[in-house]
Amino acid sequence: MFLASLLCLSLVSAAPEVPKKAAAPAAVLDDWHQAAAHADEARYFGHFTADAVFLGTDATERWNRDAFRAWAKPYFSQGKAWSFRVVSRTLFFSKEGTVAWFDEVLDTPNMGPARGSGVLVKEGGRWKISQYNLSVPIPNALLPDFKDRIEAHLKAPPPPAK
């Protein structure tokens with residue numbers, strides 16, 4: 001009985017370690033999403049490493065931090081960027097505890113259900129986003145139709161220049 005109680009106590013006291021470890025990188029991601037929702041450009045881009053990469057939903061959207069900032073500037077300047085609500089998130093850590101990778105399910109008003117995944121690194125004691133990949137999961141049953149539509153889109157002539 002004593003051994004069972006001791007085992008239960010050790011499991012209970014070990015359980016908070018994971019959330020505690022995840023709290024700081026999760027807070028960075030939460031604040032990053034909030035910064036976009038409030039069109040706080042400096043705060044939003046301050047969460048990236050200098051060499052960060054953002055992968056958008058379009059196949060052409062692979063930006064370094066500065067190119068992404070230039071693309072996003074008009075949205076932030078208008079006072080409304082984008083609003084992603086995190087439905088769930090999973091974080092994993094390197095053995096050294098200086099790299100974290102994650103995936104998150106997002107609810108978005110403009111894209112519907114979406115998914116974000118990426119990598120955070122610890123720089124000078126602070127977690128920073130090194131890579132973020134935004135995607136729109138397509139249900140397998142709908143994939144054949146989307147595949148055909150994407151292929152047709154890629155074969156279509158480009159629109160005339162403005």
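Select arginine 69 to begin: its relative accessibility of 32% makes this residue partly exposed, a class lying between buried (under 20% relative accessible area) and exposed (over 50%), with a 1.4 Å probe and protein chains only. The model is predicted, so local features require pLDDT of at least 70 and side-chain atom pairs count only at pLDDT 80 or more, while totals for chains, interfaces and linings use all residues. Residues are numbered from 1 along each chain as its sequence is written, and side-chain values rest on heavy atoms, with hydrogens and water left out.

Helices (H or I, at least four residues) are DSSP runs numbered from the N terminus. Glutamate 41 is buried, at 15% relative accessible area.

Lysine 73 is partly exposed, with a relative accessible area of 41%.

Now display the whole of H4, residues 65-77. This helix of 13 residues reaches 17 Å from its first C-alpha to its last, close to the 18 Å expected at 1.5 Å a residue; the expected span is 1.5 Å times one less than the number of residues. At tryptophan 71 the helix bends by about 40°, and proline 74 follows within four residues. The bend is the angle between axes fitted to the seven residues ending at a position and the seven starting there. Phe68, Ala72 and Phe76 of H4 are buried. After the helix comes glycine 79, with a positive phi near 85°.

Move to helix H5 (residues 143-155), where isoleucine 150 lies. Isoleucine 150 is partly exposed at 46% relative accessibility. Also select lysine 147 and glutamate 151, whose side chains meet in a salt bridge (3.1 Å, N to O). Being four residues apart in H5, lysine 147 and glutamate 151 are separated by about one helical turn.

Finally, select Asp30, Arg89 and Glu104, which salt bridges with shared partners join into one network. The structure holds nine salt bridges.

Terms used:
Helices (H or I, at least four residues) and strands (E, at least two) are DSSP runs, numbered from the N terminus. A salt bridge is a side-chain nitrogen of Lys or Arg within 4 Å of a carboxyl oxygen of Asp or Glu.
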